[in-house]
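I set down each item together with the definition it relies on.

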Amino acid sequence: MSIHPTAIVDAKAEIADGVQIGPWCTVGPGVVLSEDVRLVSHVVVQQDTTVGARTVIHPFCVIGGDPQHGGYKGEPVRLEIGADNVVREHCTFNRGTPGDRKLTTIGSNGLFMTGAHVGHDAVVGDNVTMANQATLGGHSRVGSRVFLGGLCAVHQFGRVGQGAIVGGLAAVTRDVIPYGSAWGNHASLHGLNLVGLKRKGYGKDAIRRLLAAYRELFERDDAPFAERLDAVEAGYADLPEIMEIVAFIRDGGRRPLCLPEQ
């Protein structure tokens with residue numbers, strides 16, 4: 001390992017082989033830095049945080065800070081970050097709260113651009129990109145392969161399904177379906193994330209059927225939404241992506257859903 005002489009590392013921190021801790025970093029108690037983690041400089045990993053292997057954290061980030069919650073009284077809570085993430089300047093990731101899971105979770109292979117914020121008790125999947133200043137409120141849930149545009153904000157307890165894209169400046173106050181494309185203030189649904197689906201290797205026929213199911217569910221007006229949901233579930237049972245959307249909607253219960261503009 002390599003620790004710059006200006007860095008402060010608590011005796012209760014666990015530092016694995018190959019870790020690089022640059023100038024003026026602070027690593028607090030209960031922190032675990034896994035193999036080949038790199039703190040570039042001026043990084044604060046406050047406490048009770050695990051950082052996965054090969055993750056790189058750039059200057060002026062505060063990782064594992066206290067939850068921004070008025071009821072927090074110093075109870076033991078954690079943040080867990082997966083492997084191979086890139087965390088750019090000025091990002092803030094908070095630990096959990098006792099009233100939820102006591103844990104904030106961030107997956108692997110993510111890119112968190114300048115100023116991105118992950119609030120307390122959030123769950124973030126793998127291969128997530130948060131562009132500059134994108135913000136996740138407390139208790140939010142973001143699936144894998146999601147792209148969150150610059151300056152967008154997901155409301156507390158909000159859900160963004162895997163494979164979705166949220167446009168810049170969007171205020172996300174309603175759940176975004178898996179593979180959906182949402183933007184606007186407040187955000188509304190504008191079809192599927194076709195770019196993401198193509199990059200993932202979906203062919204023309206698969207995308208055509210996904211679009212057909214989407215239109216039947218969201219663009220028809222000849223039946224109540226609940227009936228359309230049942231019809232799509234029955235008619236596209238062989239499409240796992242559509243079944244994922246259906247399950248996402250049903251799991252939300254009475255939660256408001258991001259819908260197309262009327």
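**Entry 1. Ground rules**

I note that this is a predicted model, in which local features need pLDDT of at least 70 and side-chain atom pairs count only at pLDDT 80 or more, while totals for chains, interfaces and linings use all residues. Residues are numbered from 1 along each chain as its sequence is written, and side-chain values use heavy atoms, with hydrogens and water left out.

**Entry 2. Two helices**

I looked up helix 3, residues 225–235, and helix 4, residues 240–251. Helices (H or I, at least four residues) and strands (E, at least two) are DSSP runs, numbered from the N terminus. The axes of helix 3 and helix 4 come within 10 Å and cross at roughly 145°. Axes here are lines fitted to C-alpha atoms, for helices over the stretch in contact, and the angles run from 0 to 180 degrees between N-to-C directions.

I recorded the crossing of helix 3 with helix 4 as left-handed. A crossing is left-handed if the near helix is turned anticlockwise from the far one by less than a right angle, and right-handed if clockwise.

Which residues make the contact? Helix 3 contributes F225, L229, D230, V232 and E233, and helix 4 contributes I242, M243, V246, I249 and R250. Contact means heavy atoms within 4.5 Å. I sorted these residues into seven nonpolar, no polar and three charged. In this sorting, Ala, Val, Leu, Ile, Met, Phe, Trp, Tyr, Cys and Pro count as nonpolar, Asp, Glu, Lys and Arg as charged, and the others, Gly among them, as polar.

**Entry 3. Salt bridges**

Side chains of opposite charge can pair when their charged atoms come close. A salt bridge is a side-chain nitrogen of Lys or Arg within 4 Å of a carboxyl oxygen of Asp or Glu. I found 10 salt bridges in the structure.

One of them joins E233 and R250, with the closest N and O atoms 2.7 Å apart. This pair links distant parts of the chain, since E233 is in helix 3 and R250 in helix 4, 17 residues apart. E233 is partly exposed at 32% relative accessible area, and R250 is partly exposed at 38%. The scale runs from buried (under 20% relative accessible area) to exposed (over 50%), with partly exposed in between, for a 1.4 Å probe and protein chains only.

I also followed R220, which meets E216 in a salt bridge of 3.5 Å, N to O, and D222 in another of 2.8 Å. R220 is partly exposed at 30%, and E216 is partly exposed at 21%. D222 is exposed, with 57%.

**Entry 4. Two buried residues**

Is S140 buried or exposed? S140 counts as buried, at 1% relative accessibility. S140 sits in the loop between strand 20 (135–136) and strand 21 (141–142). Leaving out residues up to four places away in sequence, I list D121, A122, V123, V154, H155, F157 and G158 as touching S140. The side chain of S140 also reaches the backbone oxygen of G137 at 2.7 Å.

R95 is likewise buried, at 1%, and lies in the loop between strand 14 (92–94) and strand 15 (103–106). The side chain of R95 makes a polar contact with the side chain of D66 at 3.0 Å. A polar contact is a pair of N or O atoms within 3.5 Å; within protein, one must be able to donate a hydrogen and the other to accept it, and residues adjacent in sequence count only if both atoms are side-chain atoms. A polar atom of the R95 side chain also lies 2.8 Å from the backbone oxygen of G64.

**Entry 5. Backbone angles**

Most residues other than glycine have a negative phi, and most peptide bonds are trans. I looked for departures from this pattern.

D121, one of the residues touching S140, has a positive phi of about 70°. D121 is placed in the loop between strand 17 (117–118) and strand 18 (123–124), and is buried at 0%. F60 also has a positive phi, near 70°. F60 lies in the loop between strand 10 (56–57) and strand 11 (62–65) and is partly exposed at 45%.

Lastly, I noted a cis peptide bond from N185 to H186, with omega near 0°. H186 is in the loop between strand 27 (180–183) and strand 28 (188–192).
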